[in-house]
Amino acid sequence: MKTVAIVGASLAGARAAQELRAQGFDGRVVLIGEEPHLPYDRPPLSKAFLAGTAARESLDLLDADDLASLEVRLGTRAERLDPATGRLVLSDGELEADGVVLATGGRARALPGTEAVAGVHVLRTLDDALALREELVPGARVVIVGGGFIGAEVASTCQGLGLDVTVLEALPTPMARVLGPELGSICARLHGRNGVTLRCGASVAGLTAVSGRVTGVQLETGENLPADVVVAGIGMVPAVEWLDGSGLAIGNGVRTDSGLVTSLANVVAAGDVAAYGPAGIRHEHWTNATEQASVAVANLLAGQVVREYQPSGYVWSDQYSGTLQLAGHPAPDDEVRYAEGGPDDDSFLATYHRDGRTVAVFGLNNPRGFGRLRRQALRRPMPVG
Amino acid sequence: MLRACTVDELPPGESVRIAGPEPIAVFNADGELYAIGDTCTHQDASLAGGWLEGCFVECPLHAALFDLRTGMPSCLPAKQPVRTYQVQVEEGVIYVLADAAEDAA
């Protein structure tokens, strides 16, 4: 293999570049990014970076040594992949590659029909964060649509900036899809405890605007919530449309086998865009992106599946002064037991049980206890890198 | 010189955090005492709460590994080393050598 193209200058893309070198590939590595920015870390975009306390440089994922070993093409969109020739058609030319890592992630889902309304934001990219940050001025009333991790973290940051914040969640319990109903509702209480209004079962009918700028959020009930800034945290769509005609199997992302190899042995996928295994599972989390890059690169270089992806299911979220940590894969009807503290405490540890097995571990504000319990209860995760 | 705790208060596998403008984490790794900057250089997390394995500590939030002997990260996501400090035991009390000049460095 002489040239490996990494499509997507994301966390998964950056890690794939580092893994290629770490795993001994000495050929040409081309990292292609649609954004004009060098690869950056996203978690602070909803927290310290949004609050203005973390600098852009602190987000950098690649250092000077990494960059010296790569060819980076920024502001370049991938438009087509020809599987027969391994030719990538880019917005600024063509590129021959005999190995391809797909790490294109996805795009934030916007509230329908709001793209042109000022004051309405999504948060996925650095530019999204910069645009939102500019509007978080004193006195701004912020309505956040979606009570998942992103919504909760933005709410927490806005509250920290002294703003008036309301979170709207369509489901009866926020974060129930990730944490299950019991721990989801416990974590959702953090909003109220910190002076943020959380409204569950709230469906958005539309926005009100004056002179092209948002003034409020209209609920299905007819109620209108005044808003100067609206943030949609309602998920993402995998960026796969450019792969039409590539011959790759697409469905809720790029389909791969359990080793993250697509239907072409020299094309692998990693991160938010990868839908792996028979069930086509995608994970949209930081740890997943970094762990998958390592496995995908190993299998790309080997030309066959030498490592299968075993997700650790590790997710964290910082909200208000709390840290939530989850490892494993809980299901909504798992039994929850408390290993330390209880649901009303500011700090507790809990485990999820199914068919007599411990399937997941959760910690609120107890990283040390979480680490210990996770190792006791679950298989020790592979170290990253 | 900063007082950490008594030797008895820090059995093998345990750690203690010395608060301050630059908090310090002190570890007992299988009988050897080490002191390093407490804050993970990747993102703000206390390494004193991390998992200790041999002479490495794993950040409790994102699993970066640091070598307690050198402060160097041995795996991503951390890239910058943490500071290391000398440790001294006197009459059963563990002290960390961190003078004002070092703090300012």
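Predicted model: local features only at pLDDT ≥ 70, side-chain atom pairs only at ≥ 80, totals over all residues.
**Helix α1 of chain A**

- Helix α1(A) covers residues 11-22, so to speak a run of 12 residues, and reaches 16 Å from its first C-alpha to its last, close to the 16 Å expected at 1.5 Å a residue.
- At the N-terminal end sits a cap, S10(A), with a side-chain oxygen 3.4 Å from the backbone nitrogen of A12(A).
- Is α1(A) mostly out in the open or largely enclosed? It is largely enclosed by the rest of the structure, because 10 of its 12 residues are buried.
- Among those buried residues are L11(A), R15(A), E19(A) and L20(A).
- What do the buried residues of α1(A) pack against? Their partners in chain A are the strands β1 (3-7), β2 (28-32) and β7 (99-102), plus the helices α3 (64-68) and α7.

**The nonpolar cores**

- In soluble globular proteins, nonpolar side chains tend to be buried together.
- Here, the largest nonpolar core has 59 residues, and I6(A), L88(A), L102(A) and W242(A) have the most contacts inside it.
- Helix α7 (residues 286-302) of chain A gives this core its largest share, 7 residues.
- There's also a second, separate core of 42 residues, which includes L59(A), L132(A), L163(A) and Y320(A).

**A look at L102(A)**

- Leaving aside neighbours within four places in sequence, L102(A) is in contact with residues including V7(A), W242(A), L243(A), L248(A) and V273(A).
- Its contacts also include V267(A), V268(A), A269(A) and A270(A).

Notes. Residues numbered from 1 in each chain as written. Chains lettered and ligands numbered in written order. Heavy atoms only, no water. Core = buried A, V, L, I, M, F, W, Y, C linked by side-chain atoms within 4.5 Å. Buried < 20%, exposed > 50% of the residue type's maximum accessible area, 1.4 Å probe, protein only. Helix = DSSP H or I, 4+ residues; strand = E, 2+ residues; numbered from the N terminus. Contact = heavy atoms within 4.5 Å. Expected span 1.5 Å × (residues − 1). Polar contact = N/O pair within 3.5 Å; in protein donor to acceptor, adjacent residues only side chain to side chain.
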